[in-house]
Amino acid sequence: MLPATVLFTEAQIQDRVVDLAQEITLAYAGRSPVLVTMLKGAVVFLADLCRQIDLPLRVDFMSISSYGADSTAAGGVVRILKDLDQDIGGEDVIVVDDIIDTGLTLSYLLATLSSRQPASLEVCALQAKTVRRSAPGEIRYRGFECPDRFVIGYGLDHGERYRNLPLIVATDQAALAENADLLVPLISGSIPEATGTAEQPEETPGLR
């Protein structure tokens, strides 16, 4: 049996993406939001989400390198490797993220974007590890509560692999470090027997 536990199936993910898109469509009716995504993990989520939002919108990308900022290391350093292509001043901005761990990198990003004076700034995250979050701030649009485990799939990788899995699994990072091909059978549809439960989070009020 593969050393992996299914947390969220493809169907559960797609259902939740549709729900989030509908929430955003209603909340931003009459407006044209900008979806800002950090490369690379959230691109899969962004692609599905933006196609379900029934509004005129645009997307833009940033690439951020963090050293210690999302770990237990002290004195984390965050550096922008790729900045936005267009100005967001006066725009309604939604940061689209795949997973929020400690939230420190996200806090840096929000502070950076806020300094550019957008009309509004919110966060839409597919997963959040509330148990590990040390940075303040609310996530207005949240897909799933994620357990404090190493997860891959649906954009999340291990050594740049497994982003193309349509589902999200929790697995053993040490075992993958020893054998990077360990979960290749998942790509061809061999799903572990043990599966987790996917519960939607309680509604989280946003910061306005």
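Predicted model: local features only at pLDDT ≥ 70, side-chain atom pairs only at ≥ 80, totals over all residues.
Reader: What percentage of the residues of the chain count as buried?

Author: A residue counts as buried when its relative accessible area is under 20%. The chain has 208 residues, and the part of them that counts as buried is 44%.

Reader: Among contacts in the chain between residues at least 6 apart in sequence, what percentage join residues at least 24 apart?

Author: Contact here means heavy atoms within 4.5 Å. Among the contacts in the chain between residues at least 6 apart in sequence, the percentage that join residues at least 24 apart is 66%.

Reader: To what total does the accessible surface of the chain come?

Author: Carbon and sulfur atoms account for 50% of the accessible surface. The total for the chain comes to about 10100 Å².

Reader: How many salt bridges does the count come to?

Author: Side chains of opposite charge can pair when their charged atoms come close. The cut-off used is a side-chain nitrogen of Lys or Arg within 4 Å of a carboxyl oxygen of Asp or Glu. By this rule, the count of salt bridges comes to 14.

Reader: In which helix do Arg16 and Asp19 both lie?

Author: Arg16 and Asp19 form a salt bridge, with their closest N and O atoms 3.8 Å apart. The two residues are three places apart, about one turn of the helix. Both lie in helix α1 (residues 10-27).

Reader: Is Arg16 buried or exposed?

Author: The partner of Arg16 in the salt bridge is Asp19, and Asp19 is partly exposed at a relative accessible area of 26%. For Arg16 the relative accessible area is 7%, which is under the 20% limit, so Arg16 is buried.

Reader: How many residues apart in sequence are the parts that Glu91 and Arg58 tie together?

Author: A salt bridge joins the side chains of Glu91 and Arg58 at 3.7 Å, N to O. Glu91 lies in the loop between β4 (77-82) and β5 (92-100), and Arg58 in strand β3 (residues 58-67), so the parts that this pair ties together are apart in sequence by 33 residues.

Reader: Which relative accessible area does Arg58 have?

Author: Glu91 counts as partly exposed, at 25% relative accessibility. Arg58, in contrast, is buried, and its relative accessible area is 19%.

Reader: What is the N to O distance in the salt bridge of Arg142 and Glu145?

Author: Arg142 counts as buried at 15% relative accessibility, while Glu145 counts as partly exposed at 31%. Their side chains meet in a salt bridge with an N to O distance of 2.9 Å.

Reader: Which residues are linked with Lys40 in a network of salt bridges?

Author: Salt bridges also occur as a network in this model. The residues linked with Lys40 are Asp157, Glu160 and Arg163.

Reader: With which side chain does Asp48 make a polar contact of 2.7 Å?

Author: Asp48 is placed in helix α2 (residues 43-52) and counts as buried at 15% relative accessibility. Leaving aside neighbours within four places in sequence, Asp48 is in contact with Gln14, Val17 and Tyr154. The side chain of Asp48 makes a polar contact of 3.0 Å with that of Gln14. The polar contact of 2.7 Å is with the side chain of Tyr154.

Reader: Which residues does Pro147 touch, not counting residues up to four places away in sequence?

Author: Pro147 lies in the loop between β7 (141-145) and β8 (150-152), and is partly exposed with a relative accessible area of 31%. From Pro147 to Ala128, 19 residues apart in sequence, the C-alpha to C-alpha distance is 8.4 Å. Beyond the excluded neighbours, Pro147 touches Leu7 and Lys129.

Reader: How many disulfides does the count come to?

Author: A disulfide requires a pair of cysteine sulfur atoms within 2.5 Å. Cys50 is partly exposed, with a relative accessible area of 21%, and Cys146 counts as buried at 2%. By the distance rule, the count of disulfides comes to zero.

Technical notes:
Residues numbered from 1 in each chain as written. Heavy atoms only, no water. Helix = DSSP H or I, 4+ residues; strand = E, 2+ residues; numbered from the N terminus. Buried < 20%, exposed > 50% of the residue type's maximum accessible area, 1.4 Å probe, protein only. Polar contact = N/O pair within 3.5 Å; in protein donor to acceptor, adjacent residues only side chain to side chain. Areas by Shrake-Rupley, 256 points an atom, 1.4 Å probe, with all protein chains shown as cover.
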